[in-house]
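Notebook open, model loaded. I want to walk through a few elements and jot down what each one does in the fold.

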Amino acid sequence: MAVRRHFLAAGLLAGLGGALAAGVGWSAPAAAQSDAYGGLPEGENRVLVFALCSGCHSVKLVMQQGMTRAKWDATLDWMVEQQGMPELDAQTESEVLDYLAEHFNTDHRPGGGPQGAGGAGGLSPYNSMQPMTPTE
Amino acid sequence: MRRQTRERGLCELYQQDPEVADELIFGRKAHADRRGFLRGAGLAAMGAVVGAAIPFHRNMPSGLIPAALAEETDGFTIAGKDGLRVLNDRPVNAETPAHLLDDDVTPIARHFVRNNGIAPTDIGAEGWTLKIDGLVGQPMELTIAELRERFEVVRYALQLECGGNGRAAFNPPASGNQWTVGAIANSEWTGVRLRDVLNAAGVKPEAIYTAHYGADQHLSGDPAKDAVSRGMPMWKAMDPHTLIAFEQNGQPIHRMNGAPLRIVAPGWPGSTSQKWLTRIQLRDQVHDGQKMGPRSYRTPRYPVAPGEEVPDSAFQIIESMPVKSLITYPKSGHTLPVDHRSLEVRGHAWAGDEQVTQMHVTTDFGATWQKAELESPPNRYSWQRWRAQLRFPAKGYYEIWARATDNKGRMQPFTVAWNPKGYLNNAMHRIAVRVEV
């Protein structure tokens with residue numbers, strides 16, 4: 001309870017900053033913007049994705065991923081079949097997948113990808129190998 | 001446009017008063033415990049907005065959206081942990097930067113955290129019991145005091161590594177927490193041998209696999225689901241270094257590391273080492289609990305192309321983790337002072353169930369290798385200290401790469417074979433060093 005209150009208080013301040021700024025025509029502080037909806041990027045269906053995902057886990061888990069729409073679809077199926085997620089109607093599922101596939105596709109690499117030795121904690125570079133094209 | 005409006009409205013209303021907002025927007029009234037939906041009020045409306053029924057609505061705290069809205073994971077810290085990079089705050093997952101893992105025995109504050117569910121809050125050692133049942137002659141229920149009294153108490157330095165350590169390097173990306181290199185630790189664990197406890201209960205000959213249960217809660221809040229419930233073959237359970245542990249570095253175990261009681265099955269994916277341990281059952285089949293499959297903690301039996309679709313039937317359970325090492329000094333980005341051309345680099349190496357027998361480093365991207373000094377482990381399953389004196393020929397930018405070899409001759413690769421869930425990345429660790437003159 002104490003933890004939730006703390007988060008709530010922090011959110012009120014951050015959110016209020018944003019609201020005031022918007023009201024008087026200032027640009028909203030970056031922190032207030034990026035913290036909204038757990039930091040999910042703005043876009044169509046953001047609220048829906050936030051509400052559905054954060055029922056069980058932090059959206060920080062969502063924002064770590066980079067998957068094709070098909071993989072996201074399979075992930076939602078897995079959550080429904082094995083992890084107790086309520087089944088979505090077709091329209092909602094499609095909206096959720098639209099958002100996830102747009103913002104967190106395979107080109108989204110918050111923690112990895114080719115980096116210098118100083119980046120990503122010193123992981124050896126994965127050489128972006130793609131399946132080789134079979135010769136004719 | 002419509003959604004934009006709704007988004008702003010939600011924010012502002014919840015800022016003013018989350019419970020009033022709950023009622024205004026959804027017509028929701030919570031029960032007296034500020035959870036659920038009193039007489040169902042608002043449940044249908046909220047369900048319509050989220051586009052789905054909410055099966056565990058009775059557990060849903062009032063004002064949930066604004067509380068979660070204010071989630072600030074950047075400012076999120078874990079009490080008793082120091083310097084960890086938080087990957088996720090619900091469930092809590094955090095790794096330790098390599099340069100903070102320099103100690104031979106990992107301090108409690110630097111031991112990574114990998115949770116599948118929500119950690120229990122009631123973790124007092126008093127009254128905590130462990131049930132041993134299934135295929136045993138005499139089922140038992142033991143307090144921690146009874147474990148200490150009845151069985152030999154041992155203390156070992158034991159390496160524990162998350163099966164997904166290094167996942168962030170996979171391309172195409174693999175789903176799950178994007179660990180870099182820091183989901184590894186080597187604390188000293190005090191406890192009793194699992195083997196002694198199982199022998200006291202009497203292992204029936206049909207028993208082939210253990211099944212572990214803990215007090216953590218599934219993320220969905222469904223009390224009928226386990227957050228994680230894995231097991232191991234009997235031969236691993238009977239290994240004298242597989243412990244039921246009640247102390248970490250001579251102190252009470254950290255809450256996020258499984259207090260007050262956990263399994264430590266060193267060298268295997270950390271999930272084998274059930275935290276908040278309440279029950280061990282012996283079974284006559286491979287355990288089929290939460291996260292035993294079909295893909296969790298499993299890799300394909302054969303090498304696959306990056307991004308290839310692999311059928312569930314081709315996956316096998318990960319047992320021993322592979323040979324691996326870390327450079328823990330210096331920190332990547334280190335610059336040698338002027339007139340300095342030499343540097344001691346050091347770190348740790350480990351090899352799952354095996355032992356590390358050789359350690360090499362390179363400063364020229366693998367063209368030439370220099371043998372490092374490698375210490376014996378203080379006990380089996382501890383990581384091993386290595387160190388090397390390096391000399392740099394000229395000013396410039398260097399990368400130091402470190403490579404361990406195990407007693408079966410297997411070396412760390414430059415890059416890992418891709419697998420769909422991003423496990424077992426034991427590619428070499430590397431740091432950058434700059435030489436001024």
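**Entry: a helix in chain B.** I started with helix 6 (residues 194-201) of chain B, whose buried residues are B:Leu194, B:Val197 and B:Leu198. They span an arc of only 95° around the axis, so they sit on the same side of helix 6 of chain B. The arc here is that of the directions from the helix axis to the C-beta atoms. Helices (H or I, at least four residues) and strands (E, at least two) are DSSP runs, numbered from the N terminus.

I then looked up what covers those buried residues: the list includes strand 4 (129-134), strand 7 (184-193), helix 7 (234-237), strand 9 (243-248) and strand 11 (262-264) of chain B. Just after helix 6 of chain B, B:Gly202 takes a positive phi of about 85°.

**Entry: ground rules.** This is a predicted model, so I note that local features need pLDDT of at least 70, side-chain atom pairs count only at pLDDT 80 or more, and totals for chains, interfaces and linings use all residues. Residues are numbered from 1 along each chain as its sequence is written, while chains are lettered from A and ligands numbered from 1 in the order in which they are written.

**Entry: the four-stranded sheet.** Next I traced an open sheet of four strands in chain B, order 15-17-21-20, with antiparallel pairing. Strand 15 (324-329) and strand 20 of chain B are at the edges with a single partner strand each, so one side of each has no neighbour in the sheet. Strands count as paired if DSSP finds at least two bridges between them.

I went through the pairs in order:
- Strand 15 and strand 17 of chain B share five antiparallel bridges, and B:Leu326 has B:His348 as its bridge partner.
- Strand 17 (residues 342-350) and strand 21 (residues 384-391) of chain B are joined by eight bridges, also antiparallel; B:Ala349 stands opposite B:Gln384.
- Strand 20 (residues 373-374) and strand 21 of chain B are joined by two antiparallel bridges, with B:Leu374 partnered to B:Trp386.

**Entry: the core.** Where does B:Ala349 turn up again? It is among the residues that touch the most other members of the largest nonpolar core, which has 87 residues; B:Phe112, B:Ile244, B:Val264, B:Val356 and B:Ile400 are the others. A nonpolar core is a set of buried Ala, Val, Leu, Ile, Met, Phe, Trp, Tyr and Cys residues joined through C-beta atoms within 7 Å. Strand 22 (residues 396-406) of chain B gives this core the most, five residues. Leaving aside neighbours within four places in sequence, B:Ala349 has contacts that include B:Ser325, B:Met359, B:Leu374 and B:Ala404; contact means C-beta atoms, placed from the backbone, within 7 Å.

**Entry: confidence in chain A.** I checked pLDDT, the predictor's confidence in each residue, from 0 to 100. Chain A has a mean of 69, and 57% of its residues reach 70 or more. Residues 1-33 of chain A fall below 50. Where pLDDT is low, the predicted coordinates should not be read in detail.

Notes: A residue is buried if 20 or more other C-beta atoms lie within 10 Å of its own, exposed if 12 or fewer, and partly exposed in between; C-beta atoms are placed from the backbone. Two residues are in contact if their C-beta atoms, placed from the backbone, lie within 7 Å.
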